[in-house]
Protein chains: 2
Amino acid sequence: MKVGIIGLGLIGGSMAIDLKRKGFADEVLGVEAEPVNASAAEKIGLVDRVVSLDECVRESDLIVLAVPVGAAVRLLPMVLDRFASDGDGKIVMDVCSTKEHLARSVKYHPCRRQYVASHPMAGTEYSGPWAAMPGLFDGHACIICDSEESSPKAVRCVESLYETLNMRTIYMNSSSHDVHTAYVSHISHVTSFALALTVLDKEKDEKHIFDLASGGFSSTVRLAKSSPDMWTPILSQNRDNVLHVMDTYIEKMQAFRQAIADGDEDAVRGLIEDANKIRRIIR
Amino acid sequence: MKVGIIGLGLIGGSMAIDLKRKGFADEVLGVEAEPVNASAAEKIGLVDRVVSLDECVRESDLIVLAVPVGAAVRLLPMVLDRFASDGDGKIVMDVCSTKEHLARSVKYHPCRRQYVASHPMAGTEYSGPWAAMPGLFDGHACIICDSEESSPKAVRCVESLYETLNMRTIYMNSSSHDVHTAYVSHISHVTSFALALTVLDKEKDEKHIFDLASGGFSSTVRLAKSSPDMWTPILSQNRDNVLHVMDTYIEKMQAFRQAIADGDEDAVRGLIEDANKIRRIIR
């Protein structure tokens, strides 16, 4: 199978490596809008050839949209339009972190069934072709959304791709996906960004504020290194869910604040004990 | 040298292991108020003997207070009182995460110079003697506070202990310590507790909310597993600094919320780019 990957960053690049290495793809074509990234991807050898968008859609059996979700919303209808004129049997999938907006953008497209919405839940805080690595997806969960809107053949192809990457597949609709990811992914990024901003602000007066930063701080602030190109459109497209979770989160912070301000150690202890129940979930 | 460690949890237990293994202590005595922990510490062989507080103070050359800071505030004056009657040349140090309250509690004690205030910046989210491990402190920073209030001999002894543990020592006063740790440690714990509470709340309606939790979520929520016995008194004793940092943090969250609610992608991008500057600090 010939696989075309549009966007050779962390996700697209890592997919390119493993799909070729594991024999899922005979040839991997890559499209990359950013010239620096394109030549890096070629130098590293992430893909067999860097080609134009047109060539990629024309030559590939399966096209993977691995661009930030803002760009995906523009590209997906374009790719399906080309399928309409010359793309019988071709498949396009995306790997974006928000799904409802994207689903809506092609809901009534005549080639909708050639598209599979998916989200591999793997990544790091780094981006670009330099961040790509083999085994990135190994053992993680992957979501296929609204599978009933895609042709069974297209779904089977994408399932087989994720099996190759050693991911376990979960099925849900786009709307439920976006609620879930707001809770277990998007809010974590916002809290890390806010933490980074808080301490960086203090550094303006206290030059050595970071001298004492230890593993705990690094762990909670790690996601604040995440790319604005990726996260600006995610927070925008999942706006309502993210705002709802942020409001709950701010309420919890206010409850903590009040308990500490009141010197109410029983209340503080109670909140910590409740939070400790996360031990059941996270090893 | 005979070292007595009061409190055989993560920190006390890990110190016991390395101080004996590396030859700093000829014998390590341990005191542990919790019977289950005491017998676990004996079974694991963390210390040579588990003894009473009295025996520990009488027999040890150096006493390490490795209990939560609420207990340390009660124990430190007691230990210094015993030094006053029979403790010439003995030294006591603590390892607590807040320092100003403790410093104030013995500021005018006649044996103040036999006490060294310190804080090894190492740990995990686990607690108890089972969590103790060799090498816990290796390569981390350690703070000695208000060293001018301690005798040079006592300071040298504690410096040598931390050299043995392969820590790099930083010096500052208690008040500055408490401001720093509020920013780079305490707030991280509060944000993790609040995150855990937010998602656990949602789990009441959405049983499978955690199915999609990935590495990013685990990383930001990890500290929410931390012990209430340790963290309730820290948040209480560092109340004013912690409240101040929480207020700044909540402001940053509100700014993010507003930008997302307004659909102002430029503002969201600007906040993320500012937060990205943490890359300079955290590798």
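**Entry 1: one residue**

I began with Ile209(A), which counts as partly exposed because it has 19 C-beta neighbours inside 10 Å. The cut-off for buried is 20 or more such neighbours. I note here that the model is predicted.

I then looked up where Ile209(A) sits, and found it in the loop between H7 and H8 of chain A. Which residues does Ile209(A) touch, not counting residues up to four places away in sequence? In chain A I listed Val199(A), Lys202(A) and Glu203(A). From chain B I listed His180(B), Tyr183(B) and Val184(B).

I also checked Ile209(A) against Leu46(A). The two are 163 residues apart in sequence, and their C-alpha atoms are 40 Å apart in space.

**Entry 2: where the chains meet**

**Entry 3: how the copies are related**

I looked up the superposition next. A rotation of 180° with 0.0 Å of shift along its axis puts chain A on chain B, and the RMSD is 0.0 Å. The two copies are therefore related as by a two-fold rotation axis.

Which residue of chain A comes closest to the rotation axis? I found Thr220(A), with its C-alpha at 2.1 Å.

**Entry 4: chain A as a whole**

I recorded 11 helices and 8 strands in chain A. The C-alpha trace of chain A spans about 70 × 40 × 30 Å along its principal axes. Chain A has 283 residues, and 54% of them count as buried. Of the contacts in chain A with a separation of 6 or more, 73% are between residues 24 or more positions apart.

**Entry 5: domains of chain A**

The domain assignment of chain A gives domain 1 (2–172) and domain 2 (177–280). I noted 31 Å between their C-alpha centres. For the contact between them I have 14 residues of domain 1 and 15 residues of domain 2. On the domain 1 side, helix H4 (69–86), helix H5 (100–105) and E7 of chain A each supply at least two residues. That side has 5 nonpolar, 6 polar and 3 charged residues.

**Entry 6: the sheet in chain B**

I turned to chain B for the strands. In what order do the 8 strands of the open sheet lie? I read E3-E2-E1-E4-E5-E6-E7-E8, with mixed pairing. The edge strands of chain B are E3 (49–50) and E8 (168–172), each pairing on one side only.

I followed one pair in detail. E7 (141–145) of chain B runs parallel to E8(B), and 5 bridges join them. One partner I looked up was that of Ala141(B), which is Arg168(B) in E8(B).

Helix H4 (69–86) of chain B packs on the sheet. I found that H4 touches E1 (2–6), E4 (62–65), E5 (91–94) and E6 (115–120) of chain B. The direction of H4 makes about 170° with that of E5(B).

Technical notes. Residues are numbered from 1 along each chain as its sequence is written. Chains are lettered from A and ligands numbered from 1 in the order in which they are written. This is a predicted model: local features need pLDDT of at least 70, side-chain atom pairs count only at pLDDT 80 or more; totals for chains, interfaces and linings use all residues. Two strands pair if DSSP finds at least two bridges between them. Helices (H or I, at least four residues) and strands (E, at least two) are DSSP runs, numbered from the N terminus. Two residues are in contact if their C-beta atoms, placed from the backbone, lie within 7 Å. Axes are lines fitted to C-alpha atoms, for helices over the stretch in contact, and angles run from 0 to 180 degrees between N-to-C directions. Domain bounds come from an automatic or database domain assignment. Ala, Val, Leu, Ile, Met, Phe, Trp, Tyr, Cys and Pro count as nonpolar, Asp, Glu, Lys and Arg as charged, and the others, Gly among them, as polar. A residue is buried if 20 or more other C-beta atoms lie within 10 Å of its own, exposed if 12 or fewer, and partly exposed in between; C-beta atoms are placed from the backbone. Copies are superposed by least squares on the C-alpha atoms of residues with pLDDT of at least 70 in both.
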